[in-house]
Amino acid sequence: QVQLLEAGGGSVQAGGSLKLSCAVSGGDPARSYCMGWFRRAPGKERGGVAYVYADYRYTAYEDSVKSRFIISFDRVKNTLYLQMNGLKPEDTAMYYCAAKAGNCFNPNDRLPDQFHYWGQGTQVTVSS
């Protein structure tokens, strides 16, 4: 079992920045995990934001956040981060971190239903 606990959400004005964190515990040390950030806006389905497969130093981003968000994983702290810059009102959502065993090189491997472990979420609100 992998346990995930997000923090760092809040309210910010458009153009501002926030950094989300996700503390990771549990899991099998012998396995590699793909970590991801997802979000669900009011009235919308949950969708992916960014992904990291740390063992291969691989990252991927959805088009809507490219050049604005940066995903990273600190192995020492066992913590996943999402640095969000240039925030827009449309970034308003509940943000979730998630994990899956195995890689996420293929876009189909990054779909929400491929991830087995989820945090409880942290709210991000961007005002115009």
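**Strands, disulfides and rings**

Modeller: Four strands make up an open sheet, in the order β1-β3-β8-β7 with antiparallel pairing. The edges are β1 (2–7) and β7 (69–74), each with a single partner strand, so one side of each has no neighbour in the sheet. From one strand to the next, the twist averages 15°, taken between axes that are lines fitted to C-alpha atoms (for helices over the stretch in contact), with angles running from 0 to 180 degrees between N-to-C directions. Bear in mind that this is a predicted model: local features need pLDDT of at least 70, side-chain atom pairs count only at pLDDT 80 or more, and totals for chains, interfaces and linings use all residues. Residues are numbered from 1 along each chain as its sequence is written, and side-chain values use heavy atoms, leaving out hydrogens and water.

Colleague: What makes β3 and β8 a pair?

Modeller: DSSP has to find at least two bridges between two strands. Six bridges join β3 (residues 18–26) to β8 (residues 79–84), so the two antiparallel strands pass that test. The strands themselves are DSSP runs numbered from the N terminus (E, at least two residues; helices are H or I, at least four). Within this pairing, S21 faces Y81 and C22 has L80 as its bridge partner.

Colleague: Why is β8 called largely enclosed?

Modeller: Five of its six residues are buried, so the rest of the structure largely encloses β8. Buried means under 20% relative accessible area, exposed means over 50%, and partly exposed is in between (1.4 Å probe, protein chains only).

Colleague: What makes C22 and C97 a disulfide?

Modeller: The rule asks for two cysteine sulfur atoms within 2.5 Å. C22 and C97 are at 2.0 Å, S to S, so they qualify. The link connects distant parts of the chain, with C22 in β3 and C97 in β9 (residues 93–101), 75 residues apart. Its torsion about the S-S bond is 50°, and the link is right-handed. C22 is at 0% relative accessible area, which is buried, and C97 is buried at 0% as well.

Colleague: Why is the disulfide of C34 and C104 called right-handed?

Modeller: The torsion about its S-S bond is about 80°, so right-handed is the label. C34 sits in β4 and C104 in the loop between β9 and β10 (117–118), so this pair ties together parts 70 residues apart in sequence. The S to S distance is 2.0 Å. By the rule, the count is two disulfides, and counting bonded cysteines along the chain gives the pattern 1-3, 2-4.

Colleague: How many aromatic pairs are there, and why is the one of F38 and Y51 called edge-to-face?

Modeller: There are eight aromatic pairs. F38 and Y51 have ring centres 5.8 Å apart and planes at 80°, so their pair is edge-to-face. F38 is in β4 (residues 33–40) and Y51 in β5 (residues 47–53), so parts 13 residues apart in sequence are tied together. The definition takes rings of Phe, Tyr and Trp (its six-membered ring) with centres within 6.5 Å; planes under 30 degrees apart are stacked, over 60 edge-to-face, the rest tilted. F38, at 0% relative accessibility, is buried, and so is Y51 at 2%. Ring pairs link F38, Y51, Y96, F115 and W118 into a cluster.
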